[in-house]
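Here are a few notes to read with the model open beside you. Take them one at a time and find each spot as you go.

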Amino acid sequence: MLRRVLCTVLFMGALPSLAEASQGHITVVLLGATGDLAKKYLWQGLFQLYMDQVSSGHSFTFHGAALTALEPGQRLMFDVLKKLTCPPDESPDRCAVLKDQFLKLSQYHQLKTAENYTVLNREIETLLRQEGLKEAGRIFYFSVPPFAYTEIARHINSSCRPPPGAWLRVVLEKPFGHDLESAQQLAAELTGFFREEEMYRVDHYLGKQAVAHILPFRDQNRQFLDPIWNRHHVERVEIVLKETVDAKGRTSFYEQYGVIRDVLQNHLTEALMFLTMELPANVSRAEEVLQCKLQAFQSLRGLEKNSAVLGQYQAYASQVQEELQKAQDYISTTPTFAGVLIHNDNLRWEGVPFLLTSGKALDERVGYVRVLFKNRAYCTQSETLRDAGHSQCKAKQIIFYIGHGILNTPAVLVSRNLFRPVMPEGSWREAVGQSDLHIFGQPLSDYYVYSPVKERDAYSVLISNIYHGRKDFFITTENLLASWGFWTPLLDSISHQPLRLYPGGVENQHLLDFEMVSGEVAFTLGEPVEQRLMPDDYRTVQSKFRQSPLVSAWSEDLISQLASDIEKAASRTVARSGQFHLALSGGSSPVVLFQRLTRHHYAFPWKHTHIWLVDERCVPLTDTESNFFSLHNHLLQSVRVPYFNVHPMPVHLHQRLCVEEDRGTELYAKEIMALVANASFDLVLLGVGTDGHTASLFPRSENGLEGAQTVVLTESPVKPHQRMSLSLPLINRARQVFVLVLGKGKHDITTLLSRVGHEPRKWPISGVSPSSGQLVWYVDYEALLG
């Protein structure tokens, strides 16, 4: 059969000779061959691959597969194949022949059991043996739900792998998990069957021509971009995908995922990486591109609840009730609109806001990546008398226009007052005409505009890249887990956040407009009266805890209050004595406090503040387990504390850690005595462990609970075991002690502490009682009430 097909195509002038068709045979198996994605895009993409590669020297067969029985499945599949089309520039005669041959090379299989896969493998081997062809490789395209991946992977691995010397490429469609944990689980299952180089995770946005050209554009225009592609010149970046359609008919999927998981975590994040990553020496080397992307992920600042604004179109709830048979009072908390503010804390991008926005039922269908540059010029002459290419007062921007919208085509636009870009002549051409169009408030004539010479569907591009083994167009396991690691904390924090309801389409007006304020985002307009609201937060539960003042609120409000109280204490102390000595605990709880202080408290007297550590793990200060490392990453590198006012604990002396003979505790005690009046810190911030420990003073500790020593070495029940800590007597000499307790995990110890007395050997935190200072407890509702 294959020889007849090749001869027919040869007759049409497509192949040099049958003898030269010897590079080997490629078998393509499309699983889910009768599904929506296959009907809309995948079969057309495979046909395009065949048209492009028919003269490459490879021969092909295409196997559609699904759970449907043979006869109905065959009928459904060939109904789709008969509707395949050729590009406009393909001659009708050649198109007819290629389409006829493609249909002859395609067949349907029911793949339901292990035996079905064994039979398929046997048929492939028999065909190749009969035709005398060598196998080059196999492509298995998983156009099926992720819950089916593991079973299919097991069958392919056990009975459908190609022989040694031939490659295997397994193509996986999103969603790749629901959060970090589920993505890790799915990745672990798949790596049990396939090697990393065999897996091609598809994000079809990487096949969009404008998105795919971001890296090549940056590479080819280094001479222009190197001086301006940074925080000194870029004002902000917008990455946007708007849709006019709603989720009707897809609410089953949407209720599980929502707009952030569906669009932002993957499509828009990949575009973000292409913009922010450092350029590798060779942008064509997949390994170099991946490493640069992973480094870019590491420099992203963590997202908080106030990093996002969320909305839901009004008809969504009723659509969910109807399609999923939910009760009339069912309330969905799934966002259909999201705007997220992202910051990158590396030197290139520090301070530049990146806005990622997507939603359904919006005013237009459009996608774009917009880099807006700062404009420092003042132009004396009227703008109407200036040529756009020379006017430095007009907006300066680079736009990667993904498609649809007013241009209705992929495009790259560069403001004429920036530079004339270098573009590859064979694939992009300068657009002319359409002078009446405006984009972002400017006429199209203000830009150099380039569009693809030949528009290609994203799936056709990606299927071609699979054939060529171009891994840089796909999501690796490391890339996937880095993305989920970044987005999962935000998804957890907003799971019950109230949503802004919007009517949909042009009626949204200004309802979804949002603004950036102090590193956060908020809707510009206040909440309409008729909006659905969450129950009111109550501020205070009680005013005392263990006979000391108590401040209690939801965690976000509590951290805000604590940060304000620390700033007030610092300002008062500096006004009185000229300096403020602050001792900070390690652990995870203070991290959100540090972030709050850096982003909202610009009047904090850091210049006059001394930073001390309450405790430290006996690891190098550059170790991620180090309390100082966390303090540096989340606070010190973002505020202006004089270098000589920072006092890390000396746990690493003489190239060894916490050795008693090195007298690190004595050194720190002497430093405190020399700099802190009466060894009384102005403020000590403590936390509480689930066992009642505080600082690194643990139940039944040998050192630090009493006695004359001010700094001690202790043993922790968990690794790293060795610690250095301020002693309880030194802590109790402080003018103020604030204790921060967050989360449901601390509810049991909080309840216990409310009932017990002064028993520091059992619960060291119960021994905190400043002799002449004030103790204040900051406990969130989850820790207090469970």
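**Notes on a predicted model**

1. Let's start with Thr 694. Thr 694 counts as buried, because its relative accessible area is 1% and the cut-off for buried is under 20%. Keep in mind that this is a predicted model.

2. Where does Thr 694 sit? Look in the loop that runs between β29 (683-686) and β30 (711-715). Leaving out residues up to four places away in sequence, Thr 694 touches Leu 686, Gly 687, Pro 764, Ile 765 and Val 768. Trp 763 is 69 residues away from Thr 694 along the chain, yet their C-alpha atoms are separated by 8.5 Å.

3. Now for the cores. The largest nonpolar core has 145 residues, and the ones touching the most other members are Trp 43, Phe 142 and Trp 487. Helix α11 (residues 251-276) gives this core its largest share, eleven residues. Another core, of 76 residues, lies apart from it and includes Leu 584, Leu 697, Ile 731 and Tyr 778.

4. Zoom in on Trp 43. If you skip its neighbours within four places in sequence, Trp 43 is in contact with a list of residues including Leu 30, Ala 33, Phe 62, Met 77, Leu 81 and Phe 102. Gly 64 and Ser 106 are also among its contacts.

5. Next, a pair of helices. How is such a pair described? Two packed helices are described by the angle between their axes and the distance between those axes. For α11 and helix α15 (residues 477-493), the axes cross at roughly 130° and come within 11 Å. That angle makes α11 oblique to α15, and the crossing is right-handed. On the α11 side, the contact is made by Ile 260, Arg 261, Leu 264, Gln 265, Thr 269 and Glu 270. The α15 side brings in Asn 479, Leu 480, Ser 483, Trp 484, Trp 487, Leu 490 and Leu 491. Sorted by class, the residues of this contact are seven nonpolar, four polar and two charged.

6. One more pair: helix α2 (residues 36-53) and helix α14 (residues 458-468). Their axes are 8 Å apart and the packing angle is about 55°, so α2 and α14 are oblique to each other. The crossing of α2 past α14 is right-handed. Among the residues that meet here are Leu 37, Tyr 41 and Leu 49 of α2, and Tyr 459, Ile 463 and Tyr 467 of α14. How many charged residues does the contact of α2 with α14 have? It has no charged residues, alongside eight nonpolar and seven polar ones.

Terms used. Residues are numbered from 1 along each chain as its sequence is written. This is a predicted model: local features need pLDDT of at least 70, side-chain atom pairs count only at pLDDT 80 or more; totals for chains, interfaces and linings use all residues. Side-chain values use heavy atoms; hydrogens and water are left out. Axes are lines fitted to C-alpha atoms, for helices over the stretch in contact, and angles run from 0 to 180 degrees between N-to-C directions. Helices (H or I, at least four residues) and strands (E, at least two) are DSSP runs, numbered from the N terminus. Angles under 35 degrees count as roughly parallel, over 145 as roughly antiparallel, 65 to 115 as roughly perpendicular and the rest as oblique. A crossing is left-handed if the near helix is turned anticlockwise from the far one by less than a right angle, and right-handed if clockwise. Contact means heavy atoms within 4.5 Å. Ala, Val, Leu, Ile, Met, Phe, Trp, Tyr, Cys and Pro count as nonpolar, Asp, Glu, Lys and Arg as charged, and the others, Gly among them, as polar. A nonpolar core is a set of buried Ala, Val, Leu, Ile, Met, Phe, Trp, Tyr and Cys residues joined through side-chain atoms within 4.5 Å. Buried means under 20% relative accessible area, exposed over 50%, partly exposed in between (1.4 Å probe, protein chains only).
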